[in-house]
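Subject: Structure handover

Hello,

Here is the structure you are taking over. My notes on it follow below.

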Amino acid sequence: MGNDVVMVDEIPFPQQITTAKPLSLLGYGITDIEIHFLQIKFTAIGVYLEPEIVGHLQQWKGKPGNVVAEDDDFFEALISAPVEKFLRIVVIKEIKGSQYGVQLESSVRDRLAADDKYEDEEEAALEKVVEFFQSKYLKKDSVITFHFPATSGTAEIAFSTEGKEDSKIKVENANVVETIKKWYLGGTRGVSPSTITSLANTLSAELSK
């Protein structure tokens, strides 16, 4: 079984988690920003998917990871594949939940507006997500998870931090759910290039087996 955790910037991520079924850690990385040559790291990310995802990506068989990483169609196929997906995000640099909520909101809203899908229902669903984070304080090692079931267009967002009971919210607007997936898994437009590269390399290796 070898090592059953992967260290992402000194934060342990289990190789496998079980939700409805076992999911494997197929990609990981960080979100960061560079200011005056200083790298500031915000979060570590682990992407867990059903191993069956490979069956939905066969047309990329034999393509190397660096090619796959640049191919947004590949990530579209990954996002729309009817398999369970789970994102585990661990806070490295503490920020207010409201700041995280606003980042998520503006990214999701801009993408939906660009696709002409930002209506009252989407706005209301996004507001709920922003409110959920509003009162939170994302201190170091807090964990945010996004759970996307295989076939429904819903998501469950959970937040846990030391000394507080876990809190959860369900997002039931399919357009918002899809766009949150794209925020983290959206190929060249994803929020974490290192995670996209890692996913591309892992899946490219799996496809060539």
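Helix H5 (residues 174-185) lies across strand S5 (38-49), S6, S9, S10 and S11, and runs at about 125° to S9. Helices (H or I, at least four residues) and strands (E, at least two) are DSSP runs, numbered from the N terminus. Contact means heavy atoms within 4.5 Å. Axes are lines fitted to C-alpha atoms, for helices over the stretch in contact, and angles run from 0 to 180 degrees between N-to-C directions.

On provenance: this is a predicted model, in which local features need pLDDT of at least 70 and side-chain atom pairs count only at pLDDT 80 or more, while totals for chains, interfaces and linings use all residues. Residues are numbered from 1 along each chain as its sequence is written, and side-chain values use heavy atoms, with hydrogens and water left out.

The sheet

The strands that H5 lies across belong to an open sheet of seven strands, in the order S3-S4-S5-S6-S9-S10-S11, with antiparallel pairing. Two strands pair if DSSP finds at least two bridges between them. Strand S3 (16-18) and strand S11 (167-171) stand at the edges with a single partner strand each, so one side of each has no neighbour in the sheet. On average, neighbouring strands of this sheet are turned by 25° against each other, direction ignored.

Strand S6 (residues 85-91) and strand S9 (residues 143-148) run antiparallel and are joined by six bridges. Lysine 85 stands opposite phenylalanine 148 in S9. A further helix, H4 (residues 120-134), lies across S9, strand S10 (155-160) and S11, running at about 170° to S11.

Valine 90 lies in strand S6 and is buried, with a relative accessible area of 2%. Buried means under 20% relative accessible area, exposed over 50%, and partly exposed in between (1.4 Å probe, protein chains only). Not counting residues up to four places away in sequence, valine 90 touches Ile11, Phe13, Phe42, Thr43, Ala44, Asp141, Ser142 and Val143.

Strand S1 (residues 5-8) pairs with S2 in the antiparallel sense over four bridges. Valine 6 has phenylalanine 13 in S2 as its bridge partner. The hairpin of S1 and S2 has two residues between the strands, and aspartate 9 there takes a positive phi near 50°.

Serine 98

Serine 98 is found in helix H3 (residues 97-114) and is buried, at a relative accessible area of 18%. Leaving aside neighbours within four places in sequence, serine 98 is in contact with Phe133 and Gln134.

The whole chain

The chain has six helices and 11 strands. Of its 209 residues, 49% count as buried. A compact globule with 209 residues would have a radius of gyration near 17 Å, and the chain agrees at 17 Å; the radius is taken over C-alpha atoms, and the globule rule is 2.2 Å times the number of residues to the power 0.38. Residues 24 or more positions apart account for 64% of the contacts in the chain with a separation of 6 or more.

Regards
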